[in-house]
Amino acid sequence: MTELLAGPIADRHHALGATFAEFGGWHMPVSYAGTVAEHNAVREAVGIFDVSHLGKALVKGSGAADFVNSTLTNDLSKIRPRKAQYTLCCNDAGGVVDDLIAYLVSDDEVFLVPNAANTAKVVAALGGVAPDGIEVTDRHRDYAVFAVQGPKSADVLAAVGLPTDMEYMAYTDADVTVGDASFPVRVCRTGYTGEHGYEILPRWSDAGPVFDTLLAEVTNAGGQPAGLGARDTLRTEMGYALHGHELSEQITPNQARSGWAVGWDKPAFFGRDALVAEKEAGPARRLYGLRATGRGVPRAGLTVRSGPGGDIVGETTSGTFSPTLKQGIALALIDTSSGIKKGGEVVIDVRGRELPCEVVIPPFVESHV
């Protein structure tokens with residue numbers, strides 16, 4: 001059995017009383033005070049997540065940005081240095097190897113943040129076709145990642161001397177002062193919660209004091225640390241994709257409503273021919289949100305039917321209880337041939353009981369990014 005990997009501040013999580021679970025090969029904090037309390041803290045005040053398990057990779061060399069743009073789906077030429085972009089790494093069939101954030105440093109340097117379990121695949125995919133002079137390196141344990149999310153997130157960063165006035169998906173490099181020491185960090189106006197927020201990347205070796213300083217200000221602002229449980233309920237309310245659920249090597253951007261992250265006018269990127277053909281023909285299934293109108297909590301992997309006792313029309317990819325709406329919600333891939341669209345009604349088979357749901361297009365709650 002493979003030993004689970006630990007992040008740089010596992011001792012802090014244990015001291016805070018976190019419960020843990022495996023995620024992407026890492027030993028991760030699931031909750032501290034409880035998922036609902038942490039979820040509500042992010043929606044109403046502020047929370048801090050340790051997501052240092054996220055991958056990091058560096059593409060560097062003459063023309064690195066153009067090279068990345070010829071491989072990943074989104075059009076990197078549409079952003080300027082010190083901006084970040086959500087993008088996808090696809091296979092030849094158009095399936096998604098991973099979804100990730102690309103930080104454009106310069107024409108000759110791009111910093112990538114993939115998902116934890118897929119970092120090696122992304123590095124191998126890009127490294128396998130990189131021309132001479134461009135190096136693709138795995139920097140997974142070089143940097144920690146802390147997400148400070150919520151309406152009071154800017155107050156937290158300002159209290160520790162970090163800049164807060166960048167545009168959405170912009171980033172800057174700055175320093176956090178802790179006592180007599182100063183720690184360099186990268187600060188980006190990004191997140192996975194639907195709230196105003198930031199992601200802070202200190203060096204792996206500096207993670208402890210940087211986290212302690214941020215957590216103290218989060219607490220002062222009426223917030224609390226938050227774990228993977230709240231991260232999942234928050235992102236599901238927004239309809240944000242989780243790789244392995246709404247995106248996978250068998251689920252394409254067209255099916256997952258992620259076509260907005262594809263530079264369709266670009267001449268080349270991994271999976272382009274397959275994705276263009278699928279877009280023109282129309283995908284066989286599409287992602288929808290399902291809002292329970294009866295009592296019950298849907299989960300991933302459940303059968304979706306056209307109605308009570310009706311035909312199978314799809315499957316849920318994620319499901320949870322929404323602390324904001326106080327009802328069950330799900331994301332599901334629905335067959336386009338079924339004719340089911342926004343405003344329709346379906347049922348989810350929850351352990352032999354049919355849960356009626358309204359078909360919607362996410363997000364389930366208003367975005368404040």
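The points below are grouped by topic.

This is a predicted model. Helix H7 is largely enclosed by the rest of the structure, because ten of its eleven residues are buried. The whole structure holds two cavities of 30 Å³ or more. The domain assignment gives domain 1 and domain 2.

**Helix H7**

- H7 spans residues 228–238.
- Its buried residues are Leu228, Gly229, Ala230, Arg231, Thr233, Leu234, Arg235, Thr236, Glu237 and Met238.
- Buried means under 20% relative accessible area.
- Several strands and a helix pack against these buried residues: strand S1 (19–23), strand S2 (26–31), helix H2 (35–44), strand S3 (47–50), strand S16 (312–322) and strand S17 (327–335).
- Gly239 follows H7 and has a positive phi, near 75 degrees.

**Largest cavity**

- The largest cavity contains about 70 Å³ of space.
- Its lining consists of Gly7, Ala10, His13, Phe20, His27, Met28, Pro29, Asp50, Ser52 and His53.
- Helix H1 (10–15) and S2 each provide at least two lining residues.
- S2 gives the most, with three residues.
- By class, the lining has four nonpolar, five polar and one charged residues.

**Second largest cavity**

- The second largest cavity holds about 40 Å³ of space.
- Met28, Pro29, Phe49, Asp50, Val51, Ala226, Gly227 and Leu228 line this cavity.
- Met28, Pro29 and Asp50 are also among the residues lining the largest cavity.
- Leu228, one of the lining residues here, is also one of the buried residues of H7.
- S2 and S3 each supply at least two residues to the lining of the second largest cavity.
- That lining divides into six nonpolar, one polar and one charged residues.

**Second largest pocket**

- The second largest pocket has a volume of about 210 Å³.
- It is lined by 13 residues, and the closest to its centre are Phe111, Tyr143, Asp173, Arg186 and Leu201.
- Strand S7 (109–113), S11 and S12 are the elements that give two or more residues to this lining.
- S11 gives the most to the pocket lining, with three residues.
- The lining of this pocket has eight nonpolar, no polar and five charged residues.

**Glu195**

- Glu195 sits in the loop between strand S11 (181–188) and strand S12 (197–202).
- Is Glu195 buried or exposed? Glu195 has a relative accessible area of 5%, so it counts as buried.
- The side chain of Glu195 forms a polar contact with the side chain of His368, at 3.4 Å.
- Beyond its neighbours within four places in sequence, Glu195 is in contact with Val42, Arg43, Gln149, Gly150, Pro151, His368 and Val369.

**Domains**

- The centres of the two domains, taken over C-alpha atoms, are 32 Å apart.
- Seven residues from domain 1 and seven residues from domain 2 take part in the contact between them.

How values were computed
Residues are numbered from 1 along each chain as its sequence is written. This is a predicted model: local features need pLDDT of at least 70, side-chain atom pairs count only at pLDDT 80 or more; totals for chains, interfaces and linings use all residues. Side-chain values use heavy atoms; hydrogens and water are left out. Buried means under 20% relative accessible area, exposed over 50%, partly exposed in between (1.4 Å probe, protein chains only). Helices (H or I, at least four residues) and strands (E, at least two) are DSSP runs, numbered from the N terminus. Contact means heavy atoms within 4.5 Å. On a 1 Å grid over the protein atoms alone, a cavity is a set of points where a 1.4 Å probe fits but cannot get out, and a pocket is an open set with protein on both sides within 12 Å along at least five of seven lines; lining residues have an atom within 4 Å of a point. Grid points are joined across faces, edges and corners, and a volume is the space filled by probe spheres set on the points. Ala, Val, Leu, Ile, Met, Phe, Trp, Tyr, Cys and Pro count as nonpolar, Asp, Glu, Lys and Arg as charged, and the others, Gly among them, as polar. A polar contact is a pair of N or O atoms within 3.5 Å; within protein, one must be able to donate a hydrogen and the other to accept it, and residues adjacent in sequence count only if both atoms are side-chain atoms. Domain bounds come from an automatic or database domain assignment.
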